[in-house]
Structures are given as structure tokens and as C-alpha cells.
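Thank you for asking me to look through this model before it goes further. My remarks are set out below the structure, point by point.

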Amino acid sequence: MKRRMFIKQLALAASVAAIGMGSGSLHAQGKTVKIGVLHSLSGTMAISETVLKDTVLMAVDEINAKGGVMGHKIEPVVVDPASNWPLFAEKARQLLTQDKVAVTFGCWTSVSRKSVLPVYEELNGLLFYPVQYEGEEISKNVFYTGAAPNQQAIPAVEYLMSKDGGSAKRWVLLGTDYVYPRTTNKILRAFLKSKGVAEADIMEEYTPFGHGDYQTIIAKIKKFSSEGKKTAVVSTINGDSNVPFYKELGNQGLKATDVPVVAFSVGEEELRGVDTKPLVGHLAAWNFFMSIKSPANTEWTKQWAAYAKAKNIAGHKDKPLTNDPMEATYIGIYMWKQAVEKAKSFDVDKVRTAMAGQTFKAPSGITSKMDEKNHHLHKAVFIGEVKADGQFNVVWKTKGPVKAQPWSPFILGNDKKKDEPALMAEKKK
Amino acid sequence: MKKLLLALLLTFAGTAAAIDKAAVEKLATGDADQRSAAISALVAEADPRAVEVLGALAEGEMQTVAGKDGAQRVLIVKGEEAVDAVTGEKITPLPEEREDLIANNRLRGQVEGALAALKLLSPDRAARLKAVKQLAAGADEALLPLVQKALARETDAGIKPALELIAASLEMKSGSKEARIAAIQRLATSSSPNSRTLLAAAASDPDADIKYEAQKALREVQGRLAWGERAGLLFAGVSLGSILLLAALGLAITYGLMGVINMAHGELIMIGAYTTYAVQVAFRGSAWFDWYLLLAVPSSFAVSAAVGMALERSVVRWLYGRPLETLLATWGISLILIQSVRTLYGAQNVQVENPAFMSGGIEAFAGVVLPWSRISIIAFAALVLLGMWLLLTRTRLGLYVRGVTQNREMAACVGVPTGRVDAWAFGLGSGLAGLAGCALSQIGNVGPDLGQGYIVDSFMVVVFGGVGQLAGTVYAALVLGFANKLLESWSGAVIAKIVVLVFIIIFIQRRPQGMFALRGRSVEA
């Protein structure tokens, strides 16, 4: 009994000492705040996500050079969930409980976001998600800086239906087999039907993650497209499968003037390793393109090129490229900084309240606003055609920013859902 | 409007008028419909300068610059040289504030079609042939007068039928009922996917006669196209089979003949792919870039073989006859190899560019394009197979390898240095994996995880074909490749993968020895 007491006291003393030492060293070094970076640096998604990690680090360097956030230096904690969805949840938990990060920037695929969501909700963390996605979600613990379907998918399909886009009448919905393509295609199917497209004029195809052989798929598209009406392909293929897909597309000579392919997850970075000459004219819909002409973008591109060179980032040091999710990441981190400064606290609940209505002059030259309620950004939509050099020509854009509709009106029952997160904590009270 | 302009063109063709300034300006500043009309106007000029302007628009070489008087000046910029699009005069120095003129798919399609149509009158046969091929994929109706004129002039038997089909496809859309029916009957002889599109649309025509003819023609065209599709599917199956064969051949030696469960086989493939990448990097920018594969093939073989032999001498040879330990040890090695490549080259995929002769494809059947990269890999797989067969059956090393694998003790008794043969054989298997990596780098992604995607497939092929049977490996690769592609075309890629795995599980349960059983007095048996 006595002995146990002694051990307890010892442990207590030790922990007190540890706390004392901890705070002591904090004072000695100056104040810091940790943020988490949760992007796949290996595996099938590394092609897209690695550069987002570097974008966060660039923004952190910039902010730290200007004195940090509220006098705190930002200390990024980078982890690699390796395109492995359960590992995302594990790493998220580690970031929140061990590293005690104030905020996390991370995830690309919706399946990874769905996997970390319960962790952020349980531990009341804060996640900034920078990629376009299928909607159908508003969490109080997540801010979505990428596009919802009405800010990307729907305008893209509308464009292809228009005279300028080629008046497409038949549709191939092609995607990687997981939640984002499946849900987006469900929305698009409902949208197309509302526009009078018959069931027989829609073909849906899925491939596994990391799929590398697109011969039969392209053959199917060719067959489908020669059955009477102008056909367009909507691609929600994600990750490095895009490289073999576009290589096969080019080699088999499916030209954009005959069957245009519009992609939602393919940008400058994904096309880096592909010979884009046979792909000229195929499309992508985003809220940012590297080729957008604005002084803010020129400045940002220069900044990124200098950073990539200084940090010796593979690929980017010789040929710096920027893309939409990088811009969304960049907007996210600056908005978080502004919200912290407004709230005068790193506390998640206070920052969340302060995020509502934040604005930031984005590199695209457009001032993005975080919606007061629904945790999504107001964004302008651009549609670009691939050029021979792998960049995009903007052929269509919205007049100004569009408010996100995370609950797509094309999914049954969504009209009853509230355009703001349900605050579970309040319900419990 | 368009037709009128084209009619004008036919009347005045040859009289080179000054290029229409208003049209060029409309091309630069108008809305989409105005720009489209401007293109038609320029086509009507049929002037070499107009052709140049249109070509520049399609190539994305057109830019505008604000002139002194505030009006937009349209330039054609090629590299560092600029000329005025209207006058053709050279502009030096290159103005700073230039705006790109963008042609979207609609305009580019129109320009390309028009340019091709203009080339139909070219005296050069090759240019005409190219133009005909391009227009066969779909042409604008406004080009009909031009096509008809070309048809009247054309005498070449290789071009005329194709040109007739193009004319028919354009007459299908417009013209009298008789003309349309004649066009439909002509299209019935065609075997291009474009004809199917047109006929399928006409097959639901309100006019009963046209509907009947179109449906009849559609059946004929579809019948021909179906053969092309089947041939395309067969090719896809053979192509996947050749890739599986390349990936599995090495394993057929290390696992099939030597009995080593080599979980690091995939990583040896990956090392071959990275070697190809390294060779390619060394060649980048040189005039010999297109030939880098000539060096990449032997290097990938040598590097993988060296790694394999080192592996055999240091780890595997102590574990012969202990499959479980071999499995664990080689799996551990595979992780070490992945991580070392990750450290050396980074976790991201690296880009291996195809040499120029491997991009694009050949149209073997109507609507079926066989990519050169895949054709090359099939040929490469066949060569590797031939080489290996010669090595195993015609050389002393091959004799030793077969001897040692069939009866190690007896081989040792008659003086075969079994240890050295093991090392050579393992090196050969690993080198073949390296060759597979070199081939795979041409069609897929090259990253540290490359091998993980092929290890299961490789084992599947070897086990399915029958362990210890090289011929079995060949058949198994082709059967699996073909089955996979056939299922994919029916049920989609996800289901196809599952069905193939289920099939293999059932097959191996029923016939554990694989497709081809090893007969005779094997040591293990």
C-alpha cells in the first residue's frame, strides 16, 4: 500500500516537473503552434498530394517570416498516410492526441476524408480540405476550400451541352471506384435526366485505384460514341491511373474534337508526365488554372518557383507548376491565420466562429469568401482545354464567385437538409 | 451563309484576293458565332495567307496586341518571330503585351476540317490522302461543295472511294430524299465508326423509306465494325498477356524452376523500371534520345540481375528448402528495396517518356487503333521468350540449370557446380524481371510501389500455368490476359478483377498442379 502510494506520488511529481520543464522550454524558444499536414507522400495518390504538402510548407515559411500567427511561430507536423485509408484515421488521431495540432491541412480523396472525419468530430479537431469533392457533407470540424459539385461538375457538363462545348448528347461517366466518383456520377445522372438525356445515352464505368490498362475502356468509349449522337466523357479518375488513361487516349487517337473528355481531378500536375500533344482540346474544370492571367497569379507562381528551387522539390525545381488544389490549400491556411487573429485564440470552437465570412484575395485574382454558414468557399468556375505544353486555355468561366451547394439539389431528399453543420455539442445540451 | 461563301470560293478559287481584314478582326474579337463565321469567310478566301492564318489559330500561335490607335492587331507568333496576320509583314521587335487567342474545340474542329478540305485539291497525293483520312472522321456539311469538286477531279483509286464516302456522309444530312437514299446505300459499304453514327441517326428518320434503308445499311456497317471490335479485344488480350508474361517469366525461373518463393520479384521489376528511368535521364536532351531504349534494355537486365545475384548469394542460398523462411526473408528484402528506392528517387512517381516511335498507333481495322507502344511490347515479349528458350535449351548454362532443378544431388555428383548455377539461374530470373520493368515503364507509372501491383499477378500466372513449366507460363499469361479483357468488356474492370481471382482460386483447388502438370521423375514429387 505504502509502496503504491509512493509510486503514485513519484509519477505525479515527475509529471509536474515535466509540465514545468515543458512550459519553461516553450518560453525559452518563443511561442509556437503546431499544425498537421496529412497528405499521402507515397502510393497511388502521391502524384497529386505531395505538392500540397509543399504548398503548406511554403505558406508556413511565408507566415513565419512575417512573424507567425499572433506571435506564434507555426511548426508543421508532416505525416505520410501513404494512400492507405485506415492509416489516414490513425495518423489523424496521432496528430490530434500526440502532437496536439491546432489545425490540420490534408486529404485528397473523399474516402480518406470520410475515414478521418469521425476522428476530427470525436476529438473536436479542425480540418481544412482543399480538393473538389462530391458534397453530401457539412461537418462542423471541416472547412472545405475545394469545389462542391455545383462549382465544378455541373457547370462543366452544362458547358459540354452548350453549342460552344460541342452540344454533347451522349455521356460516358468514367471514374475510379470509390465514394467521390460514384456520388458525383449519381448527381450528374440526375442532372442529365433533368435535361432530358435518356438512360440509354448514359454509360457509367469504374476502374479500381491504380488501374493501369485502359485499352478496353477506350474501345468501349469509341463504340459508345459511334452510336448516333455527339458523345462526351466525364472523367473522375483519380491518382496516377490518369497517366496510363491519357497515354492510351492519345495513342488510340481519340481526339477532343470528336469525343471531348472533361476531367475533374486532372490538372497541370497530373499531366506532367504525359505527352499532351495528342490530348490538345480535352478539358478540365477547376476553380483555378496556372495559366489564369492576373497579377496575383503571376506573383504566386514566381513565389512557388523560387520556393521549389530553394527546397529542391523534385520536378518543380526545373518546371514549377501550380494547380487548383494548391491554390485551395494556400487560401485555407491564410484564412485560418486570419480567423485565429480575429478570434485571438487557437481554440477550435472560437476559430470556427471566426472563420464565417472570412475573405482572402486568392491567386486566381478573385476574392474568395468563406460562406457564413456552410463551411464552403464561394468560388469562380473555370473550364480549360489542354494545350500542347500541358497547360490549360480557359475557354469558359463564371462571371464571379458561385456559392457552394454541398447538398446537391439533384439528390433526392437534400432539399430538406440544412445548409450548415449540425452542432452536435449543442444538441447534447 | 457558309454555303454561300463556299460557293463563292468555288467560283473565284485561284484569284488570290487580299486577305479579309474584317474577318481576321472578327476572328480575334468576336463572340463564338462570329468567330465561326469568320473562319468560313477565311476558308472562302482559299488564299495561302488565309490558310496560314487558320493554321496558326488551330495551332494556338495567334496573339493580339493593342495597337497605337487602340485597335487590336492580330499577330501570328512562331517562336520569337511575329508577323501581322492581315498584311503578312514582319514585326520586330516582338511586342511585350501580347494576349493569346484561344480556339476552343468547336473552332479548332471547324478550322481543321476546312484546312483538310482545302488540301483535297492539292496535287500532292500524300496530302490528299491525309486530308481524306481526317475528313472521314467527320466533316462539316458546309464543306460539301468543296468535297464534290474534289471528287470530280480525283482519279486516284486509293482516294476516290474514301472521298465518295465523305461526300455521301455529307449528303446524308442535307439534300433530296433520293440523294439521301443514295448516300445511305453508299455508306452501307463503309466500315468507319463515323458512318455508323450517321446511319444510327438516320435509322430513326420520320421518312419510312429512309428509315428502312438506314436500318439495313446500319446492320451491314455494324456487322463489319463488330469484327474490328473483336480484333481490338483480341489485341488487348494479347497485349495484357504479353505484359503478364514478361512480369512472370523471371518468376517462372526463380519460383517455377528453383522453387524459391521470391516475394521481392516485383521489386526487381521495379528496379528494372528505375534503371530505364536513369538511362533516360542520361539521354535527355541529346539527339539520341529516341534510341535510349537500346541501352536501357541491357542495363535494366544487368542491374536487376546483379541485385538478384547479390540477393541469392547473401540471403536466399542459406534458405533453400525452407519455403516459409524464404518467403519472409524475401518479403523483408522487398520492403528494404522499396524504401531504398524511395530514399534515392523520392516517393513520387518518376516520368519515363516514350521514344517518339512508340507514341501514336496504327489503324489496323476500321475504328481500331493499335498503339505502337503495345505492339512493341508484344514483340519484345516474344523476343525475350525466344531468347530464354534458346538459353535454356541450347547452352551449357541452360543444361546445368535444368539439371540442377530436376535433380540437384545427381547434378552435383556429375560435377555440376550447383551453387554457382543457382546464382546464375537466380540472376537470370531477376534479369528477366528487370526487362519486364523496362517494358512496363513504357506504358504505366514508375514508382517505388510498381512491383507490388505485379507480384500477385506474376505468382498467379506461374501457379496457374503449372509450377516448373515454362510453356505453361506462356499459355497462362495469354489465357489470363485474354480472360481479363473479355470480362472487362462485359462487366467493367472492377468485377473482371474479382471474377478472375475467384476463377483462379477454384481452378487451383480443382487442379493444384496448374494447367500443365510436371510429368516424370521430379525430385520434389
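1. The mean pLDDT of chain A is 89, with 92% of its residues at 70 or more. Among the elements of this chain, strand β4(A), residues 127–129, has the highest mean pLDDT, 97, whereas helix α12(A), residues 424–428, has the lowest, 46.

2. One stretch of chain A calls for separate mention: over residues 16–28 the pLDDT is below 50, and beyond near neighbours in sequence this stretch has one contact in the model. Where pLDDT is low, predicted coordinates should not be read in detail.

3. Between the two chains, 47 residues of chain A are in contact with 48 residues of chain B. On the chain A side, α2 (46–65), β7 (202–207), α7 (215–225), α8 (242–251) and β15 (392–397) each supply at least two residues, and the largest share, six residues, comes from α7(A). Sorted by class, the side of chain A that touches chain B holds 20 polar, 15 charged and twelve nonpolar residues.

4. Chain A contains an open sheet of seven strands with mixed pairing, in the order β7-β6-β8-β9-β10-β14-β15. Strands β7(A) and β15(A) stand at its edges and have a single partner strand each, so one side of each is left without a neighbour in the sheet.

5. At the β15 end of the order, strand β14(A), residues 382–386, runs antiparallel to β15(A) and is joined to it by five bridges. Within this pairing, Glu385(A) has Asn393(A) in β15(A) as its bridge partner.

6. Two residues other than glycine deserve a check of their backbone, as each has a positive phi: near 75° for Cys107(A) and near 50° for Asn124(A). Cys107(A) lies in the loop between β3 (103–106) and α4 (110–122) of chain A, and Asn124(A) in the loop between α4 and β4 of chain A.

7. Chain B is divided into domain 1 (2–127), domain 2 (138–228) and domain 3 (253–468). The C-alpha centres of domain 1 and domain 2 of chain B lie 30 Å apart.

Notes. Residues are numbered from 1 along each chain as its sequence is written. Chains are lettered from A and ligands numbered from 1 in the order in which they are written. This is a predicted model: local features need pLDDT of at least 70, side-chain atom pairs count only at pLDDT 80 or more; totals for chains, interfaces and linings use all residues. Two residues are in contact if their C-beta atoms, placed from the backbone, lie within 7 Å. Helices (H or I, at least four residues) and strands (E, at least two) are DSSP runs, numbered from the N terminus. Ala, Val, Leu, Ile, Met, Phe, Trp, Tyr, Cys and Pro count as nonpolar, Asp, Glu, Lys and Arg as charged, and the others, Gly among them, as polar. Two strands pair if DSSP finds at least two bridges between them. Domain bounds come from an automatic or database domain assignment. pLDDT is the predictor's confidence in each residue, from 0 to 100.
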